[in-house]
Amino acid sequence: MNCTRMRQVLDAWIDGELDAATSTEIDRHLAECPACLALKGERGALRRELRANAPRFEAPPALRAAILARIEQTTLPAPAPARHRQWLQTAAFASIAAAVGLVAGLWIERPLPDDSLREHLVASHVASLTDPQRLITVVSTNQHVVKPWLQGKIDFAPVVRDLSADGYTLLGARLDHVGDRQTVAIVYRKRNHVINLFAWRAADYTAEALALQSARGFGMATWADSGLRYAAISDIERTDLEQFARLMQP
Amino acid sequence: MHDPAKRARFESTVLAHLDAAYNLARWLTGDTPAADDAVQEACLRAFRFFDTHSGTSAKAWFMAVVRNTCFDLLKERNRYDRHESFDDEIHGLPAAERDAPDAAAGRNADAARVRACIAGLPAEYREVIVLRELEEMSYKEISAIVDVPIGTVMSRLSRGRDLLQKTMQDTGARRQS
Ligand SMILES: [Zn+2]
């Protein structure tokens, strides 16, 4: 690896997009090239500054309602249109189709993995995002408050960890039902992205290794330990979700 | 009566990503009312089509619709505002951000400066920076949204960061002198 090549791949490496072999070459080059090491440092500082000072704008609460109202309007049965009107509609439709058509191809049929449970979990995650009242029942950034609260409500004891040193802020927890299972959702936040950590009883799962997948555009990390199954769901960076899940491992 | 199941599916697959969509639209259009308009319009477009496809790339698909709608809206806006050149509107500083450096005199100086620097990036770099740094999406997802090869995503991110680093150093130096 030389400096020219290094500059081409440095950003992809920082973004966790490169394979292990190339990453090893990069490490080797950084160890012996102060100029490239300095650039790496600048990129790190840039990312910290962006994440500290560039807001992730959140959709105003009224926007969702406005969208649903307009969808309601457009889907009302229209009176049978006159011929020219129908043509106009077709033309309008075609222009939208052209705008959307470019990307429609990438929406490929690929059902979620076998477990319909996962579908339910994603639905619960989404519902909690769109209805903040539903997000958290016990509000606390202290695991010593959240844990006892859970103990009074459920007959199992999921891990609740303080990961604030790693940038994951505990927000609280809520009880949830996924299918007919009693679950608990422990809610964390990192950089304005919410993470729902679901836990539920599964006696036949003594242990299951950490697995990562994508579900409806969200990242999902699953594992099991001591008769409990866990699923962490978020739209946070995938490498961070993996880190979060690893920090939760026994 | 329309199909309530379709609406429920729309909510769970498309509207699930409303915050991500709004954030992208806010950075692309540069102001709140325009972001609002663009996202509403994009949702209407998406609602008509989302049901004819299904799968797990719903987010990238929806984000692409939002992105295209934003650029349509900016072009439309430009048509009514001819004294501003196309390039200025699409590739320049969004209207609401133009005064940001002055507003930076206050206590949020750093935040305002960083925002102005991002807003000042040409749109092709701004969008990949927002998708990567704020939405934390993978190159593959960004490639699908922006509709360019992954190699292009890579080079735009690299160039975008070079530009950002430079403008942030420049404005930072000016501020201190
Ligand atoms: Zn070097």
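By class, the lining of the second largest pocket of this predicted model comprises eleven nonpolar, six polar and six charged residues. Here Ala, Val, Leu, Ile, Met, Phe, Trp, Tyr, Cys and Pro count as nonpolar, Asp, Glu, Lys and Arg as charged, and the others, Gly among them, as polar. The volume of this pocket is about 530 Å³. A pocket is defined on a 1 Å grid over the protein atoms alone, as an open set of points where a 1.4 Å probe fits, with protein on both sides within 12 Å along at least five of seven lines; lining residues have an atom within 4 Å of a point. Grid points are joined across faces, edges and corners, and the volume is the space filled by probe spheres set on the points.

Of the 23 lining residues, Glu58(A), Leu129(A), Thr130(A), Pro132(A) and Asp19(B) are the closest to the centre of the second largest pocket. Two or more residues each come from helices H4 (61-74), H6 (116-130) and H7 (132-135) and strand E4 (193-201) of chain A, and from helix H2 (18-29) of chain B. H6(A) gives the most, with four residues. Helices (H or I, at least four residues) and strands (E, at least two) are DSSP runs, numbered from the N terminus.

Chain A has nine helices and seven strands, whereas chain B has ten helices and zero strands. For chain B, with 177 residues, the buried share is 58%. Chain A exposes about 12800 Å², of which carbon and sulfur atoms supply 55%; chain B exposes about 7300 Å², with 51% from these atoms. Accessible areas come from the Shrake-Rupley method with a 1.4 Å probe.

Ser140(A) lies in the loop between strand E1 (138-139) and helix H8 (143-151) of chain A. Ser140(A) is buried, with a relative accessible area of 10%. A polar atom of its side chain lies 2.9 Å from the backbone nitrogen of Asn142(A). Beyond its neighbours within four places in sequence, Ser140(A) is in contact (heavy atoms within 4.5 Å) with Val145(A), Val146(A), Leu170(A), Leu171(A) and Gly172(A).

Residues are numbered from 1 along each chain as its sequence is written, and chains are lettered from A and ligands numbered from 1 in the order in which they are written. In this predicted model, local features need pLDDT of at least 70, side-chain atom pairs count only at pLDDT 80 or more, and totals for chains, interfaces and linings use all residues, while side-chain values use heavy atoms, with hydrogens and water left out.

Methods: Buried < 20%, exposed > 50% of the residue type's maximum accessible area, 1.4 Å probe, protein only. Polar contact = N/O pair within 3.5 Å; in protein donor to acceptor, adjacent residues only side chain to side chain.
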